[in-house]
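Here is a short tour of the aromatic rings in this structure. Have the 3D view open as you read.

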Amino acid sequence: MSSLGLFNFSQKVNYKNEILSGLTVAMTMMPESLSFAILAGFPPLVGLYAAFIMGLVTAILGGRPGLISGGAGATAVVLIALMKSHGLEYVFAAVALAGVIQIVVGLFKLGKFIRLVPQPVMYGFVNGLAIIIFMAQLEQFKTVVNGQTIWLSGTPLYIMAGLVALTVGIVLLLPKLTKAVPPSLVAIIVVFAIVLGFGIHTKTVKDIAAVSGGFPPFHIPAVPFGLGTFQIIFPYALIMAGVGLTEGLLTLNLVDEITATKGNGNRECVAQGTANILNGFFFGMGGCPMIAQTLVNLTAGARARLSGIVAALTILLIILFGAPIIERVPMAALTGVMIMVAIGTFEWASFRIINKMPKQDVFVGILVAAVTIWLHNLALAVLIGVIVSALVFAWESAKRIRARKYTDEDGARNYEIYGPLFFGSVTAFNEKFDVAGDPQKVVVDFKDSRVSDMSAIEALNKLTERYHKAGKTLHLKHLSPDCRQLLENAGAVIDVNILEDPDYRVATDKRK
């Protein structure tokens, strides 16, 4: 295994931290995977199987030690419509196809495109996710009476609120006394012991769903094998793959920042895909990296692959043997832990620097958070954020094009262009020239500029035509090799004069 680079045996592993972190992660992942499975209309065990398979495969094969994957809500939400329209078998087929797409992304090394996600989008994404995690916990303060969902009141409310407050208190205060054990695990055990010891009547995991079962059974999705099925499942598989990889690579970046180490995004894509294919054939609802559980894991001190493996195997053991115990765990304890995770996930630093950030960055951050909270579609929120950031960048860049004009000793009019010439700056560029008032020879110097796209080439062509109609010649000077290549490629459509320059090195040129 070491030859494959799966495990780094030179890494010092703190076994106590890893095992305790893994147990804590398992305890916080189970209720979430159960809740999301039920929300999507799947059998509860489908959520737990996903948590086990995703967790184990990605812990061993993934591109980032310490990253936790499981049956995540972001991917489950994508599949709700398919479950309602075509049923569970089509969901399994879509999950397996999503896995194939993710492996392709990893093999073609497309994971690097996550670099296009700017920091304000990251802030908005993380803050939106923190608010979603927090809002989801409020559901535990509701109960069903005569088919109606109502808020708890009276004694049940006080018990629930008191136990949640106790859990939050332990998670907050225990690290000040000792860092030897994960506070989340201690909080769950203490609240569990109090509820059992005093016979307190409160909502438990069993009230959400039964969790006992066998080993995930091998099962080929029972769907017709053909183009019709592919057309049904492909859109869902594509969105699920996109959501999973977006969340996964953003979480990977977050872990990189926290641990000051570097993960491998493409390897993580392949691992996620492998896990999802197995999900499709072993009764799992699929999933992706879970930012909340990853933060629980890192906060508890885990830094190696062992914690993820322990978490996955713990979930399997609970499904097989520990169900009667785990079904009695109070939901208040798990709710308290998840509330603290939400508070820990929120980028509070974004408030401190809000008055120092450019206004457009603040707007993008708030927009991404709002879309994340409103639509619960993390991939769409990030995509909108990236598009808006790109448009803002284009607008800002367009304002930066300037021209210095002078007449040389030969009587030729020289225009020195500063700033990039692209679709956004073409209009401002055209306004710089005085075609009627210029002499016979005009030189445009691109030493401090670059021709970036087809709009820029077309602008140069039209400018050449304007001078040609006026009986004057226009020469382009100091174009970088890539700019000249662009113009040569477009030679069939345009006709411009390029003064032969020596080869000027630009910053992007590779050193020979």
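## A cluster of rings

In this predicted model, ring pairs join Tyr-415, Phe-429, Phe-433, Phe-446 and Tyr-467 into a cluster. Counted over the model, there are 13 aromatic pairs.

## A stacked pair

One of these pairs is Phe-218 with Phe-281: the ring centres are 6.2 Å apart and the planes meet at 10°, so the pair is stacked, since planes under 30 degrees apart count that way. The two partners come from distant parts of the chain, 63 residues apart. Phe-218 sits in the loop between helix H8 (205-208) and helix H9 (227-259), while Phe-281 belongs to helix H10 (residues 265-281).

How open are these two residues to their surroundings? Phe-218 is exposed, because its relative accessibility of 55% is over 50%. Phe-281, at 26%, counts as partly exposed.

## A tilted pair

Now look at Phe-429 and Phe-446, whose ring centres lie 6.4 Å apart with planes at 35°, so this pair is tilted. Phe-429 is in helix H17 (residues 426-430) and Phe-446 in strand E7 (residues 441-448), so the pair ties together parts that are 17 residues apart in sequence.

Both partners are buried: Phe-429 has a relative accessible area of 0%, and Phe-446 has a relative accessibility of 1%.

## Charges over rings

Tyr-415, a member of the cluster, also has a charged neighbour: the charged end of Arg-413 sits over its ring, 5.8 Å from the centre. Elsewhere, Lys-142 lies over the face of Trp-151, 4.8 Å from the ring centre.

Conventions: Residues are numbered from 1 along each chain as its sequence is written. This is a predicted model: local features need pLDDT of at least 70, side-chain atom pairs count only at pLDDT 80 or more; totals for chains, interfaces and linings use all residues. Side-chain values use heavy atoms; hydrogens and water are left out. Rings of Phe, Tyr and Trp (its six-membered ring) pair if their centres lie within 6.5 Å; planes under 30 degrees apart count as stacked, over 60 as edge-to-face and the rest as tilted. Helices (H or I, at least four residues) and strands (E, at least two) are DSSP runs, numbered from the N terminus. Buried means under 20% relative accessible area, exposed over 50%, partly exposed in between (1.4 Å probe, protein chains only). A charge sits over a ring if NZ of Lys or CZ of Arg is within 6 Å of the ring centre and within 35 degrees of the ring normal.
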